[in-house]
Number of protein chains: 2
Amino acid sequence: MKVTVKDIARTAGVSQSTVSKVLNNYAQVKESTRKKVLKAVEELGFVPDLVARSLVMNRTGTIGLIVGDIANPFFSETAKVIIAEARKSGIDVILSDTDYRSELMEMAVKNMLARRVDGILISAVDRKDTFTTDLYKKGYPLVLFNRHPDSDLVNYIVLDNGKGSRLAVNHLVQLGHRRISFISGPLQFSTFHHRYLGYKNAIQEHNIPYIEEFVFDGDPSYESINDYLKELLNKDEKPTAFFAATDQLAIHVMDALARMGFNVPLDFSVIGFDNIDISSNPHINLTTVSQNKKEMAKLALEKLLALIDEGEIPEQPIHITLEPKLIIRKTVGVNYEQFHYETPRGEISLSEG
Amino acid sequence: MKVTVKDIARTAGVSQSTVSKVLNNYAQVKESTRKKVLKAVEELGFVPDLVARSLVMNRTGTIGLIVGDIANPFFSETAKVIIAEARKSGIDVILSDTDYRSELMEMAVKNMLARRVDGILISAVDRKDTFTTDLYKKGYPLVLFNRHPDSDLVNYIVLDNGKGSRLAVNHLVQLGHRRISFISGPLQFSTFHHRYLGYKNAIQEHNIPYIEEFVFDGDPSYESINDYLKELLNKDEKPTAFFAATDQLAIHVMDALARMGFNVPLDFSVIGFDNIDISSNPHINLTTVSQNKKEMAKLALEKLLALIDEGEIPEQPIHITLEPKLIIRKTVGVNYEQFHYETPRGEISLSEG
DNA sequence: AAATAAAATGAAAACGTATTCTGGAAAACA
DNA sequence: TGTTTTCCAGAATACGTTTTCATTTTATTT
């Protein structure tokens with residue numbers, strides 16, 4: 001039936017332990033017997049049982065990857081590099097999708113612990129999450145990326161989201177916009193929280209009043225955003241630009257505006273965040289803040305593997321923040337109205353290039 | 001350190017076997033001892049070691065999922081439903097990404113066998129692949145989806161790709177197009193192969209001559225397609241419509257046309273295949289052939305789990321083909337030229353709805 | 001109350017591997 | 001040649017469960 005070490009031992013005329021030794025490249029084994037064993041392995045087509053090995057080695061050679069939504073390009077692109085890089089170290093990844101529900105995250109982690117994965121990578125924690133922190137304190141190899149909890153006592157690799165927002169707001173302000181609406185996702189995620197904070201700080205740095213009605217953080221569906229925009233654009237005080245916390249949201253905004261008969265960037269400017277693939281499509285051409293997803297994923301895995309190899313957790317948690325970058329395309333225009341009526345400043349460059 | 005069944009046994013004052021029995025809901029255990037054991041489990045926070053269990057049960061509770069490119073929406077969307085559905089049965093999935101390279105597929109399978117996954121789901125086989133067929137013949141639970149090899153001796157769930165092409169071609173022909181270019185991906189994949197065959201058959205059914213220069217199956221990158229189009233549109237005999245074997249390819253085509261200053265659908269019609277998320281975007285609005293990815297994924301998993309539970313493979317491999325559907329949006333127009341100069345037929349409806 | 005049947009428990013083996021430790025053979029040294 | 005060291009190989013144990021089978025306990029019958 002299934003060929004095991006025992007079979008190899010028998011046909012090679014040695015003991016199980018020597019077979020194991022040649023399989024694991026022990027030095028202490030004569031060349032002649034090594035040959036015998038290898039020949040038997042070849043003949044019988046033996047392949048070591050990794051679960052048995054896991055049991056005795058106390059290492060499974062697997063890691064868990066928990067994402068918010070694998071169908072979301074951000075998560076799938078990061079997953080891709082993690083899987084590819086892990087494979088280079090002979091490590092397999094068990095993937096879990098929380099569908100943005102934090103209860104599922106906790107369940108996924110528990111399940112993976114039972115499966116004895118060697119470490120866990122999570123890009124889907126809530127700000128108020130304490131579960132991961134507790135787990136890490138117990139010495140379990142764990143690194144978060146993309147999102148992090150409010151607690152600082154766990155490893156994470158994230159984008160400097162606040163800075164990203166500042167980049168976006170500055171760009172808009174430079175082109176004359178002073179009434180900027182912020183379209184956010186759920187603020188319980190650190191990404192959105194910091195993008196929101198960055199937006200708020202940036203406009204205040206420019207002495208722009210913060211208008212509560214200008215920020216949206218409700219249900220991120222198209223319909224919901226469409227409703228919000230309709231209501232907003234009926235008021236006296238309209239924004240001239242929309243800063244969306246996500247390219248996906250930005251595209252919703254653009255769609256809604258288009259359906260209302262507005263032109264982007266002539267009537268309104270739109271800027272996104274993430275630089276997903278579609279955004280560079282000539283029909284979309286979204287100006288956005290980009291993050292280096294691949295580097296983030298690579299770093300997260302790298303740190304996790306190091307943690308696993310170390311065998312013990314460092315005193316100080318690892319915190320890495322990556323730099324955002326502004327990608328200028330075609331959805332942001334000059335707010336002439338602003339230049340005309342309020343504070344026209346000649347030194348500001350109006351070119352988009 | 002780690003709490004095991006032995007610890008539970010000790011603190012509950014029973015034997016390992018009884019602990020195992022209450023954990024696995026054996027009938028033959030007195031209520032009072034069940035209580036004792038459960039209490040100890042609770043107190044010590046015991047959680048069963050799944051790798052140890054796997055070893056003895058000869059079942060890991062994991063399946064392997066091998067995809068061509070997890071960053072591609074088709075694969076990530078199917079992966080999402082597979083992961084979610086598998087979880088409902090307490091099964092975890094190990095994900096592998098072949099990056100469209102078939103050698104990697106074979107390696108991934110071998111690795112998963114060593115990991116003793118209970119079954120494997122593959123959406124990334126070549127037409128000439130025999131490895132999976134051989135494996136299945138050996139009795140290993142295996143189901144392919146999306147793509148299938150030329151051999152029929154293995155289970156697969158696929159779309160009726162030929163029919164999908166016919167749907168697309170018929171639609172174009174009904175609107176007066178007779179010069180239809182087919183933009184394909186690599187024909188070594190059954191999906192593209194059958195879409196190509198469907199295209200060829202469909203135009204022949206309409207007595208349209210097959211023109212070799214009208215089909216492209218080279219490198220599916222934007223640049224390569226752009227080059228092809230430039231050359232093609234310099235010739236005398238130009239197509240009036242493009243049928244792309246993939247929405248991704250259709251979007252490349254539209255981008256290239258847009259950059260050359262053409263309007264879709266006024267100058268050229270474009271139709272895609274797959275109905276990925278972006279295609280419904282108002283800026284894209286691609287007419288396309290859709291497939292029910294979720295159902296495909298669900299069916300594939302369902303069949304695999306059934307196979308695993310059966311314990312032995314059925315005499316006849318399972319073959320399921322799903323129905324494609326035409327989604328009419330805004331990228332296909334009427335070819336008036338055709339109606340005007342050649343065979344204007346009054347009975348053909350020109351409305352797009 | 002004794003005999004029997006049924007129910008509950010435990011001892012032991014198994015799953016397939018890695019590793020420690022011991023003993024013997026060979027080599028190196030005297 | 002005798003002794004010490006080095007090198008190899010194997011026996012035994014461990015990893016943490018499940019499961020079979022024998023045994024003890026409890027319940028049922030006469």
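In the predicted model described here, strand β8(B) is joined to strand β9 (residues 269–274) of chain B by three bridges, and the two strands run parallel; helices (H or I, at least four residues) and strands (E, at least two) are DSSP runs numbered from the N terminus, and two strands are taken to pair if DSSP finds at least two bridges between them. Because the model is predicted, local features need pLDDT of at least 70 and side-chain atom pairs count only at pLDDT 80 or more, whereas totals for chains, interfaces and linings use all residues; side-chain values use heavy atoms, with hydrogens and water left out. Residues are numbered from 1 along each chain as its sequence is written, and chains are lettered from A and ligands numbered from 1 in the order in which they are written.

Within this pairing, Phe242(B) has Val270(B) of β9(B) as its bridge partner. Strand β8(B) also pairs with strand β6 (residues 180–183) of chain B, in the parallel sense and over four bridges, and here Ala244(B) of β8(B) stands opposite Ile183(B). Ala241(B) and Phe243(B) point one way from β8 (residues 241–244) of chain B, while Phe242(B) and Ala244(B) point the other way, and all are buried, where buried denotes a relative accessible area under 20%, exposed over 50% and partly exposed in between (1.4 Å probe, protein chains only).

In chain A, six strands form an open sheet of mixed pairing, in the order β7-β6-β8-β9-β10-β12. Strands β7 (215–216) and β12 (325–327) of chain A stand at the edges, each with a single partner strand, so that one side of each is left without a neighbour in the sheet. Inside this order, β8 (residues 241–244) and β9 (residues 269–274) of chain A pair in the parallel sense over three bridges, with Ile271(A) in β9(A) as the bridge partner of Phe243(A).

Between the chains, 43 residues of chain B are in contact (heavy atoms within 4.5 Å) with 43 residues of chain A. The area buried between them is about 3700 Å², of which carbon and sulfur atoms give 60%; buried area is the accessible area (1.4 Å probe) that two parts lose on being put together, summed over both. On the side of chain B, Lys80(B), Arg115(B) and His283(B) lose the most area to chain A, together 18% of what that side buries.

Ten salt bridges are found across the interface, each defined by a side-chain nitrogen of Lys or Arg within 4 Å of a carboxyl oxygen of Asp or Glu; one of them links the side chains of Lys80(B) and Asp97(A) at 3.1 Å, N to O. The elements that give two or more residues to the side of chain B that touches chain A are α4 (50–57), α5 (73–88), β2 (92–97), α6 (102–114) and α11 (247–259) of chain B, and β2(B) gives the most, with six residues. Strand β2(B) is also joined by three bridges to strand β2 (residues 92–97) of chain A, the two running antiparallel, and Val93(A) stands opposite Leu95(B) in this arrangement.

Two individual residues complete the description. Met57(A), found in helix α4 (residues 50–57) of chain A, is exposed, with a relative accessible area of 52%. By contrast, Asn226(B), in helix α10 (residues 222–232) of chain B, is buried at 13% relative accessible area, and Asn226(B) touches Ala256(B) and Met260(B), not counting residues up to four places away in sequence.
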